[in-house]
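Q: Hi, could you walk me through this structure? I'd like to go over the packing and the aromatic pairs.

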Amino acid sequence: MTSTSILLLFAIVNVVVTALFAGLVLRQYMRRGRPSQLYWSIALIMAFLATLAYVFMVIAGPTSSAGIALFRIYYILGAGLVSAWLGLGSIALVASPRVTRISLIALSVLSIVAIVLIATSSLNLTNLNNIAGTPGTGILESVAALVIIPILNILGVLAVAGVAVYSGWKLVRRQSSVAGIQTINLLWANVLILVGDLLNGAAGSFARFFGLQSSFWIIQAFGWTVFFSGVLLASRRTATAKQVTPGETRVPA
């Protein structure tokens with residue numbers, strides 16, 4: 001096997017991981033209808049499509065017309081949007097419907113801007129030709145596109161981290177549950193989600209600064225596994241919350 005084939009194999013592992021997790025979270029949303037599960041499933045589907053586009057891009061030839069189009073899809077979904085939509089899922093987990101709607105509108109606007117900027121950015125074809133196994137840094141040449149991407153990623157990480165801090169504060173205040181989730185579960189769920197999000201972001205940094213190109217997709221797969229563990233933990237409602245019927249209000253003792 002050539003080195004490119006080995007690097008592509010790592011990306012295929014990530015395709016399987018994200019496809020599995022996206023299907024499970026989407027199934028949870030269809031059964032329970034929780035907004036957080038909807039936004040997390042959207043982010044996981046984006047990650048799956050981005051990685052799939054990456055694999056087909058390498059197969060088609062990165063600098064071919066099809067390869068360039070697939071690269072833009074990969075970068076829009078993977079580098080641009082995933083982290084921010086993960087953050088929206090965390091916000092929806094604890095915030096009011098009004099705050100969630102406002103966050104959704106703001107993120108939708110920023111997402112459209114990112115899509116336009118990345119889709120129209122000029123590309124460094126030399127770097128693109130050597131993308132196999134790497135995250136694809138140094139390929140986009142538009143300054144505006146390179147600015148909007150970290151903005152979205154930082155907002156996503158801040159949202160996830162903020163919810164983790166919020167759940168920790170509730171735990172310190174000895175509040176037993178938040179949004180029907182045991183506070184300790186909520187805290188650890190968001191810690192896992194945050195760690196998974198940071199691992200996915202760190203994968204690119206390891207490849208860029210330490211030359212660990214072949215580790216990029218393996219770190220990504222591990223990051224998504226940690227993230228998904230947090231989502232599963234966040235889905236565990238307390239027994240009391242599960243027994244509440246529609247329209248019923250629990251009165252604190």
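**Leu-194 and the rest of the chain**

A: Happy to! Setting aside neighbours within four places in sequence, Leu-194 is in contact with Val-157, Val-160 and Ala-161, where contact means heavy atoms within 4.5 Å.

Q: Before we go on, what should I know about the model and the numbering?

A: This is a predicted model, so local features need pLDDT of at least 70 and side-chain atom pairs count only at pLDDT 80 or more, while totals for chains, interfaces and linings use all residues. Residues are numbered from 1 along each chain as its sequence is written, and side-chain values use heavy atoms, with hydrogens and water left out.

Q: Thanks. Where is Leu-194 found, and is Leu-194 buried or exposed?

A: Leu-194 has its place in helix 7; helices (H or I, at least four residues) and strands (E, at least two) are DSSP runs, numbered from the N terminus. Its relative accessible area is 19%, so Leu-194 is buried. The cut-offs are under 20% relative accessible area for buried, over 50% for exposed, and partly exposed in between (1.4 Å probe, protein chains only).

Q: How far apart are Leu-194 and Leu-86?

A: C-alpha to C-alpha, Leu-194 and Leu-86 are 9.5 Å apart in space, and they are 108 residues apart in sequence.

Q: Zooming out, what does the secondary structure come to?

A: There are 9 helices and 2 strands. Along the sequence the pattern reads α-α-α-α-α-α-β-β-α-α-α.

Q: And how much of the chain counts as buried?

A: The chain has 253 residues, and 46% of them count as buried. It exposes about 12,300 Å², with carbon and sulfur atoms supplying 69% of that; accessible areas come from the Shrake-Rupley method with a 1.4 Å probe, and for residues only the protein chains shown count as cover.

Q: What share of the contacts comes from residues 24 or more positions apart?

A: Such residues account for 73% of the contacts with a separation of 6 or more.

Q: Let's talk core. Which residues touch the most other members of the largest nonpolar core?

A: Trp-40, Phe-71, Tyr-74 and Trp-224 do, in a core of 62 residues. A nonpolar core here is a set of buried Ala, Val, Leu, Ile, Met, Phe, Trp, Tyr and Cys residues joined through side-chain atoms within 4.5 Å.

Q: Which elements give two or more residues to this core?

A: They are helix 1 (3-32), helix 2 (35-60), helix 3 (65-94), helix 4 (97-120), helix 6 (143-172), helix 7 (183-209) and helix 8 (216-234). Helix 3 gives the most, with 14 residues.

Q: What is Tyr-74 in contact with, leaving aside neighbours within four places?

A: Quite a list: Ala-50, Ala-53, Tyr-54, Ala-79, Ile-131, Thr-134, Pro-135, Gly-136, Phe-216 and Trp-217. Tyr-74 has a relative accessible area of 5%, so Tyr-74 is buried.

Q: On to aromatics. How many aromatic pairs are there?

A: The count comes to 8 aromatic pairs. By the rule used, rings of Phe, Tyr and Trp (its six-membered ring) pair if their centres lie within 6.5 Å; planes under 30 degrees apart count as stacked, over 60 as edge-to-face and the rest as tilted.

Q: Why is the pair of Tyr-39 and Trp-85 called tilted?

A: Because the ring planes of Tyr-39 and Trp-85 are at 55°, with the centres 6.3 Å apart. Tyr-39 lies in helix 2 and Trp-85 in helix 3, so the pair ties together parts that are 46 residues apart in sequence. Both Tyr-39 and Trp-85 are buried.

Q: How about Phe-71 and Tyr-74? What are the distance and angle there?

A: For Phe-71 and Tyr-74, the ring centres are 6.3 Å apart and the planes are at 55°, so that pair is tilted. Phe-71 and Tyr-74 are 3 residues apart in helix 3, so about one helical turn separates them. Phe-71 is buried, with a relative accessible area of 0%. Tyr-54, Phe-71, Tyr-74 and Tyr-75 form one aromatic cluster.

Q: Last topic: where is Phe-56, and how accessible is Phe-56?

A: Phe-56 is found in helix 2. With a relative accessible area of 45%, Phe-56 is partly exposed.
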